[in-house]
Amino acid sequence: MKLIGPFRQVVTLANLPLRGKLSDEQLEIIADGGILINNDKIQQVGNFEILKSSNPNAELEIIEGEQIVLPAFVDSHTHICFGGNRANDFAMRNAGKTYLEIAESGGGIWSSVQHTRAASENKLLETLLQRINFLVSLGITTIEVKSGYGLDAENELKMLRIIKKAQIQTKATLIPTCLSAHLKPRDFDGSNEEYLGYIINEILPKVKEENLAKRVDIFIEKSAFQPEESKDFLFKAKSLGFEITVHADQFTPGSSRIAVEVGAKSADHLEATIDDDIDFLANSDTVATALPGASLGLGEKFTPARKLLDAGAIVAIASDWNPGSAPMGNLITQSSILATFEKLTTAEVLAGITFRSAFALGLEDRGKLAEGHKADFVCFKTNNFQNVLYNQGSLKAENVYIDGFKVK
Ligand code: NIG
Ligand code: FE
């Protein structure tokens, strides 16, 4: 047993519901608190002095100075395994170039595919680990990572194997997702449907055999895959035993309905979701994931998180960190900005980057400081937890714990 504290404030999130709007009055804040840990799990959270006297044999880890503690964050949507860089896309977009002009001059997703295919496994692993370490330094200890820049069996499996290797070298939890249906690659000789069939027949069986991912994603959009072919693909992936997540309604509405119809764990993006579909999502267990990093990277509108929460949806927030649309990678900054534009309470933002995003990944053992939960948490040197979002990412995490051990 180990007792860590005292913390000026322990913000547990323990009693918050999975779905719908939250007020800050609902937050449980324990003053002068401590966290009692048994192996890698939280045993009890409460007043530090009381925990100390009722557990005289617990090893003490004393926190110096004034700090607050929150459950560690969960980034449920990233594309951080990639080669190359798309700074030129960003500059061209801001100079007024269109999607087509950028693609024609060698940019877009296809350019990341070429760089990722050309990169050595060591280089990809090294840069992936650097990005993971950056996220951990922000207090993010559970990270979803997608493939999707390989786009043929050899290179998609290469990406997923690298993500698996990275898991050996980090204490953070990595959740790999197969996004072979990101785009039909330019060198595939056949239709979209044939490419989706190739994923079902040639890629997913190997992903399963090598236990490389349990989740399948698709980008449903005019420029990528169309609604009907996508639905068919997702039902097939589901029947192979994969969990589903969808890039939905980024520019064109309609695909979040498909996510709900196939029973997806989450529908992500939703910048273009229409009111009827907000209600459809809100009446389902499919998590609605806002990706403010993509809105900021592209200069597009934000996901209607306020409306989704008011309708009763389960709303998560993730970074979408990728070389094209969301190059920033700072979920704390992005969530704070989303909050100002969408008028989200602190409780709604914190829930969106902890237990609600964990739920999108099928994880219910983390994201709250509560008995039996994984002992992952993040500490900030401040006397008021509100400063974390107020400082919009410039207040850095002081310490980060995974399984009860300090990793930063
Ligand atoms: O989530 N929308 C599709 N895919 C990514 C962008 C990937 C890229 O541009 O490389 C996204 O925004
Ligand atoms: Fe994405």
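Reader: In this predicted model, which residues does Ser256 touch, not counting residues up to four places away in sequence?

Author: The model is predicted, and Ser256 lies in helix α9, residues 255–261. Not counting residues up to four places away in sequence, Ser256 touches Ala248, Asp249, Ala267, Leu270, Thr273, Asp277 and Leu281.

Reader: Does Ser256 count as buried or exposed?

Author: A residue is buried if 20 or more other C-beta atoms lie within 10 Å of its own. Ser256 has 27 C-beta neighbours inside 10 Å, and therefore Ser256 counts as buried.

Reader: What separation do the C-alpha atoms of Ser256 and Ile220 have?

Author: Ser256 and Ile220 are 36 residues apart along the chain. The distance between their C-alpha atoms is 9.1 Å.

Reader: Where is Asp320 found, and what is its phi?

Author: Asp320 is found in the loop between β13 (315–317) and α13 (331–342). With 32 other C-beta atoms within 10 Å, Asp320 is buried. Although Asp320 is not a glycine, its phi is positive, at about 60 degrees.

Reader: Is the peptide bond from Gly5 to Pro6 cis or trans?

Author: Pro6 is found in strand β1, residues 2–11. Most peptide bonds are trans. The bond from Gly5 to Pro6 has an omega near -5 degrees and is cis.

Reader: Which residues are the closest to ligand 1?

Author: Ligand 1 is surrounded by 13 residues. This shell divides into five nonpolar, seven polar and one charged. The closest residues are Ile109, Ala294, Asn322, Gly324 and Ser325.

Reader: Against which helix do the buried residues of α4 pack?

Author: Helix α4 covers residues 109–118, and its buried residues are Ile109, Ser111, Ser112, Val113 and Thr116. The buried residues of α4 pack against α6 (153–169).

Reader: What distance separates the centres of domain 1 and domain 2?

Author: The domain assignment gives domain 1 as 2–72 + 367–406 and domain 2 as 74–360. Taken over C-alpha atoms, the centres of domain 1 and domain 2 are separated by 30 Å.

Reader: How many residues does the contact take from domain 1 and from domain 2, and which element gives the most to the side of domain 1 that touches domain 2?

Author: The contact takes 26 residues from domain 1 and 32 residues from domain 2. On the side of domain 1 that touches domain 2, β5 (68–71), α16 (386–390) and β15 (397–402) each supply at least two residues. The residues of this side divide into 13 nonpolar, seven polar and six charged. The element that gives the most, with three residues, is β15.

Reader: Which residues touch the most other members of the largest nonpolar core?

Author: In soluble globular proteins, nonpolar side chains tend to be buried together. The largest nonpolar core holds 126 residues, and at least three come from each of domain 1 and domain 2. Leaving aside neighbours within four places in sequence, Ile35 is in contact with residues including Ile4, Val10, Leu369 and Phe377. The members that touch the most others are Ile35, Leu308 and Phe377.

Terms used:
Residues are numbered from 1 along each chain as its sequence is written. Chains are lettered from A and ligands numbered from 1 in the order in which they are written. This is a predicted model: local features need pLDDT of at least 70, side-chain atom pairs count only at pLDDT 80 or more; totals for chains, interfaces and linings use all residues. A residue is near a molecule or strand if its C-beta atom, placed from the backbone, lies within 6 Å of it. Ala, Val, Leu, Ile, Met, Phe, Trp, Tyr, Cys and Pro count as nonpolar, Asp, Glu, Lys and Arg as charged, and the others, Gly among them, as polar. A residue is buried if 20 or more other C-beta atoms lie within 10 Å of its own, exposed if 12 or fewer, and partly exposed in between; C-beta atoms are placed from the backbone. Helices (H or I, at least four residues) and strands (E, at least two) are DSSP runs, numbered from the N terminus. Two residues are in contact if their C-beta atoms, placed from the backbone, lie within 7 Å. Domain bounds come from an automatic or database domain assignment. A nonpolar core is a set of buried Ala, Val, Leu, Ile, Met, Phe, Trp, Tyr and Cys residues joined through C-beta atoms within 7 Å.
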